[in-house]
Amino acid sequence: MTDIINALAGIAAEDPLDLLRDHRAQAKENAQLSFEALLEPVDPGSISYRDRYAVAAFTAGLLGSEPAEEFYRDLLRDEDESASLGVAQLLDEAGFASGPYGIHESAALAGENVSGPWFRVDEKTAGVLSERAAAGLEFAHLLVLHPRDARPVHLARLLAAGWDEDGIVTLAQLVSFLNFQIRISSGLAALVEVPVAVSAAEGSAAPTEAGTGVSTRSGAASAGRDDLTGGAEDARDVAADARALAEAGDRISSYPDLHRPPLYQQAGLGWVPWIAPVAEADLTDVHREALVEAGRAKNAYFRLLVRDPDALRARTLTDFDIFFNTTDGLGRAEREIAATAASRLNGCLFCASVHSDRAAVESGRRDTVQRLLDDGVDADLGDPVWNAVVAASVALTRTPQTFGPEHVSQLRDVGLDDGDIIDVLNCATFFNWANRLMLTLGEPEVIAPGR
């Protein structure tokens, strides 16, 4: 099968950038396997190919990627022409604006709250797609534009629309994966646009007219506080949401007494799920193989994601190669700074905690790392390489992503070659996958004193 990331980026097999991607061969292979597991599984189960492609086309449109939207709408059109037209209409109605948005639960972070557009599928289109698929598109909008606004009630809505726990995990994985796939392809497209600098690959890549394929839809944001969801949401039927939570019963966990972190901190955070993970005693051989590491059977997050074992296994192997393969390329500290910057902008306190701590351990520069947590992604870290990595990671994390040739030049100017730059792209965009799972399937808790 054609490598989808290469196809969206305009990279041919055996081109110099394709050869550089092969330095992370496991990541490259398993990103493709993630596409197959989530978009084209051998057995689609309760989520039809049509609904998977509808969510993908809608997500690509929200991310502003014309190549990806066209690709996924073509797949959807082959399944259901009316559904493809319906998604196109919904994207026009949703408009297009710049994210990520979100309301922090912590009053200490209220100064960073940004209200943004919310979205509901109209009844006519819901009739074409089904109530269940419409709920999936609304959830996709949440994940793409304002993942830190997610609350337990959003999962209750999915349950009320006919999704089950396995389906919710697959849906969250699908949308979160697309946030990686489309951002990495757009980042690579920026590398295609400029001549290849110092790299391990022979030859050079000629500039193309591909660009990043960013859409220019326009839309207006709506604001307003909804205490039931905790986010700045459009007018909802509060009674219906309360009823959905009540009907979900113990299928949804809300943790009213949870010790939530007030600020970004290095280390000391745990994470709790809003829907039930697979019980450790119920893990099958298939589940355990998908976990990759035996110790992950003790972790509620991974036991939740193992509800879709093929997707989890491919995601884990992508993760390991991007962050732990140090045979060449970017240093570990810089990889962790890229992950921290993406997490900081998206508002994922848990991921920012884990990866800022790792960056501090790898670099020995704990106070500098803390400056990124305290002051945000515009902080001057006093290091030109770190500043360039953060700037690139932030550009890749914005919706639509704004990474372009100027970021490539900045990274090269501080001494990074194109293999290093691909590591930056991989690390930052992977955490647009990880953050969205962490933020929309559960929440962090303080388990140890932090800085």
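How many aromatic pairs does the structure hold? The exercises below lead to this count and to other features of the chain. This is a predicted model, in which local features need pLDDT of at least 70 and side-chain atom pairs count only at pLDDT 80 or more, while totals for chains, interfaces and linings use all residues. Residues are numbered from 1 along each chain as its sequence is written, and side-chain values use heavy atoms, with hydrogens and water left out.

**Exercise 1. Find the aromatic pairs and describe two of them.**

Step 1. A pair of aromatic rings is described by the distance of the centres and the angle of the planes. Rings of Phe, Tyr and Trp (its six-membered ring) pair if their centres lie within 6.5 Å, and planes under 30 degrees apart count as stacked, over 60 as edge-to-face and the rest as tilted. With this rule, the structure holds 16 aromatic pairs.

Step 2. One of them is formed by F71 and Y72, whose centres are 4.8 Å apart with 75° between the planes, an edge-to-face arrangement. To describe the surroundings we use relative accessible area, where buried means under 20%, exposed over 50%, and partly exposed in between (1.4 Å probe, protein chains only). F71 is partly exposed at 25%, whereas Y72 is buried at 0%.

Step 3. The ring centres of F177 and W433 are 5.2 Å apart and the planes meet at 70°, so this pair is edge-to-face as well. F177 lies in helix 10 (residues 165-193) and W433 in helix 20 (residues 418-441), so the pair ties together parts that are 256 residues apart in sequence. F177 is buried, with a relative accessible area of 0%, and W433 is buried with a value of 0%.

Step 4. Ring pairs also link F177, F180, F323, F430, F431 and W433 into a cluster.

**Exercise 2. Describe the secondary structure and the pairing of the strands.**

Step 1. Helices (H or I, at least four residues) and strands (E, at least two) are DSSP runs, numbered from the N terminus. The protein chain has 20 helices and two strands.

Step 2. Two strands pair if DSSP finds at least two bridges between them. Strand 1 (residues 269-273) and strand 2 run antiparallel and are joined by five bridges, and G270 stands opposite E445 in strand 2.

Step 3. In strand 2 (residues 442-446), four of the five residues are buried, so this strand is largely enclosed by the rest of the structure.

Step 4. Helix 3 (residues 25-39) has 15 residues, and the distance from its first C-alpha to its last is 21 Å, close to the 21 Å expected at 1.5 Å a residue; the expected span is 1.5 Å times one less than the number of residues. Among the buried residues of helix 3 are A27, F35 and L39.

**Exercise 3. Decide whether the cysteines form disulfides.**

Step 1. A disulfide is a covalent bond between the sulfur atoms of two cysteines. Here the test is a pair of cysteine sulfur atoms within 2.5 Å, and a search of the whole structure finds zero disulfides.

Step 2. For C348, the closest cysteine sulfur is that of C351, which at 3.3 Å is too far for a bond. C348 is buried, with a relative accessible area of 2%, and C427 is also buried, at 0%.

**Exercise 4. Describe the chain as a whole.**

Step 1. Of the 451 residues in the protein chain, 62% are buried.

Step 2. Contact means heavy atoms within 4.5 Å. Among the contacts with a separation of 6 or more, 74% are between residues 24 or more positions apart.
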